[in-house]
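Subject: A structure for you to explore

Hi there,

Here is the structure I promised to pass on to you. Have a look at it first, and then read my notes below with the model open beside them.

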Amino acid sequence: MPLPTARILGIETSCDETAAAVVSDGRVIHSNVVASQIDLHAQYGGVFPELASREHVKAIYPVVNEALRQAHVDIQDIDAIAVTQGPGLAGSLVVGVNMAKGIALATGKPLIGVNHMEGHIYSAWLYLANASPHQAPRFPLLALLVSGGHSELVLMTDHLTYQRLGGTLDDAAGEAFDKIARLLDLPYPGGPSIQKAGMAGKDDAFSFPKAMLEGTWDFSFSGVKTAVLRAVEGLQEQGRPLPTEDLAASFQAAVADVLVEKTLLAAKEHKVREIVVAGGVSANKRLREKILSQSTRPVHIPPLFLCTDNAAMIAGAGYFHYIQEDFSPFDLDVLPTWPLS
Ligand code: KG4
Ligand code: ZN
C-alpha cells in the first residue's frame, strides 16, 4: 500500500539556529530556512544560552513565515507541525515548542514532538524538490550521530525503532572540536576552523591517542584532548611557536579515525545493511572521505547544508510519526535531556 502523502512544517530551536522548513513525505524539501546565531555567539567562544533563547524569540515568526512563503504554501495546506522537543537548551527549545503549539491550536492540525537526534538521522532521507531522489536508507542500519552535544551509535531495525549501542563517556565529538579550537585560538565553531587549519597541516605530525574502548560501543575524547593540551603546553614552555596546522590535522585525524573504525566494527558485528552518518561533525571532510572509502556497505551522509542543525530533518522525521498517527498532546513540554532509546 502506498504511504499517505503529507506536508509537514518543521520547527527547530534546540541550540543556536532558529529554523523552519516544509517537507513532504519525509523526503522532499520545499523550503529550509535557517537563521544562524553563530556570529553572535562567536564573540563568546561558544553558545551563550540566555542570548540564544532571546534571539529565537526574535527570529521565530519571520523564519516560520519565510519557510511557508518559500514553499508557496499557506498554513492551512500543512498536514502537521513537527517540532524539536529535545534534547537541547531548555530556554531555546521552549521557543520552538510554544510556536508549534500555537500554530497547532490555532489551525487544529496535529502536533508532533521530535527528538533532535532522530531528526539528524532522518536528514539522510531528504533531497531538494528540484533535485532527483537518491535511494532512501534501508534497514537494518547503523547511525553514527556526531554533533556538538552527542556522539552516539544507534541501531535502527525499522522506522522510529532505535537501539542505542553506545555513546561518548565524556565530550561529544563536536564539543571536543570546539574546545581544541579554543585552545589553538581558532574561531567558533571549532569543527570548521580545525578542518580549515588542518588542511595545511600533517595528520601524522603528532601521534595523539585513539581511544578504542574495546568491548564497548562507547567513545571517549578526553584522552586526545589532554594529549593536545600537553603538546601545546610543552611547546609553549620551550618558547616555540605553535604548529597550529599540524596540531589541528593530527587532532582531527585522531577523532575521525576512532569514529570511523568503531562504526565499521559495529556495522559488521550487528550485520547492518547500510550506514548513516549525521550531525554537525558529519560535515567533516576527513570523516566523510574515510568512511566512504573504507566501508563495504552503502554509507549515507547528508549534503553539508543538512549536516548542521536545520528544520527539514525535523519535518522529515515528523512525517514518519505522522503516518503512524503518533501525535503529541497540546500541552507538550520540552525534554532538554532526551535519549534516543
Ligand atoms: O548538529 P549540530 O549543528 O548542533 C548540535 O546538535 O550540536 O553540530 C554542531 C557541531 C559543532 O560542535 C561544530 O564544531 C561541529 O558540529 N562541526 C564540525 C564541522 N562542522 C560543524 N566538526 C568537524 N568538522 C566540521 N567540518
Ligand atoms: Zn544537531
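Let me begin with a term you will need: a polar contact is a pair of N or O atoms within 3.5 Å. With that cut-off, a polar side-chain atom of Gln-195 makes such a contact with a nitrogen atom of ligand 1, at 3.0 Å. Please keep in mind that this is a predicted model.

**The ligand**

Two further residues have polar atoms beside ligand 1. His-120 places a polar side-chain atom 3.0 Å from an oxygen atom of the ligand. Gly-191 uses its backbone instead: one of its N or O atoms there lies 2.9 Å from an oxygen atom of ligand 1. Taken alone, the ligand exposes 550 Å², and the protein buries 89% of that. How many residues surround ligand 1? There are 20, and the closest are Gly-148, Asp-178, Gly-191, Gln-195 and Gly-280.

**The sheet**

Next, find the open sheet, in which five strands run in the order β9-β8-β7-β10-β11 with mixed pairing. Its edge strands are β9 (161–167) and β11, each of which pairs on one side only. Strands of a sheet pair through backbone hydrogen bonds, either parallel or antiparallel. In the case of β10 and β11, the sense is parallel, over two bridges.

In soluble globular proteins, nonpolar side chains tend to be buried together. Here the largest nonpolar core has 43 residues, and Phe-251, Leu-259 and Val-277 have the most contacts inside it. Among the elements that give two or more residues to this core are β7, β8, α5, α6 and α9. Which element gives the largest share? That is α8, with 12 residues. Apart from this core lies another one, of 38 residues, including Ile-8, Val-23, Val-276 and Met-313.

Leaving out residues up to four places away in sequence, Val-277 touches Leu-144, Val-146, Ser-282, Leu-287, Ile-291, Val-299, His-300, Ile-301 and Pro-302.

**Helix α9**

Two of those partners, Leu-287 and Ile-291, bring us to helix α9. This helix covers residues 285–294, and its buried residues are Leu-287, Arg-288, Lys-290 and Ile-291. An α-helix has 3.6 residues a turn, so residues three or four places apart point the same way. The cover over the buried residues of α9 includes β7 (141–146), α8 (244–269), β10 (274–278), β11 (299–300) and α10 (304–307). At the start of α9, a side-chain oxygen of Asn-284 comes to within 3.1 Å of the backbone nitrogen of Arg-286.

Beyond its neighbours within four places in sequence, Ser-193 is in contact with Leu-186 and Pro-187.

Leu-51 sits in helix α2 (residues 49–70). Leu-51 also counts as buried, because its relative accessibility is 15%. Not counting residues up to four places away in sequence, Leu-51 touches Leu-40, His-41 and Tyr-44.

Enjoy exploring, and write back with any questions!

Best wishes

Methods
Residues are numbered from 1 along each chain as its sequence is written. Chains are lettered from A and ligands numbered from 1 in the order in which they are written. This is a predicted model: local features need pLDDT of at least 70, side-chain atom pairs count only at pLDDT 80 or more; totals for chains, interfaces and linings use all residues. Side-chain values use heavy atoms; hydrogens and water are left out. Buried means under 20% relative accessible area, exposed over 50%, partly exposed in between (1.4 Å probe, protein chains only). Helices (H or I, at least four residues) and strands (E, at least two) are DSSP runs, numbered from the N terminus. Contact means heavy atoms within 4.5 Å. A polar contact is a pair of N or O atoms within 3.5 Å; within protein, one must be able to donate a hydrogen and the other to accept it, and residues adjacent in sequence count only if both atoms are side-chain atoms. A nonpolar core is a set of buried Ala, Val, Leu, Ile, Met, Phe, Trp, Tyr and Cys residues joined through side-chain atoms within 4.5 Å. A residue is near a molecule or strand if one of its heavy atoms lies within 4 Å of it. Accessible areas come from the Shrake-Rupley method with a 1.4 Å probe; for residues, only the protein chains shown count as cover. Two strands pair if DSSP finds at least two bridges between them.
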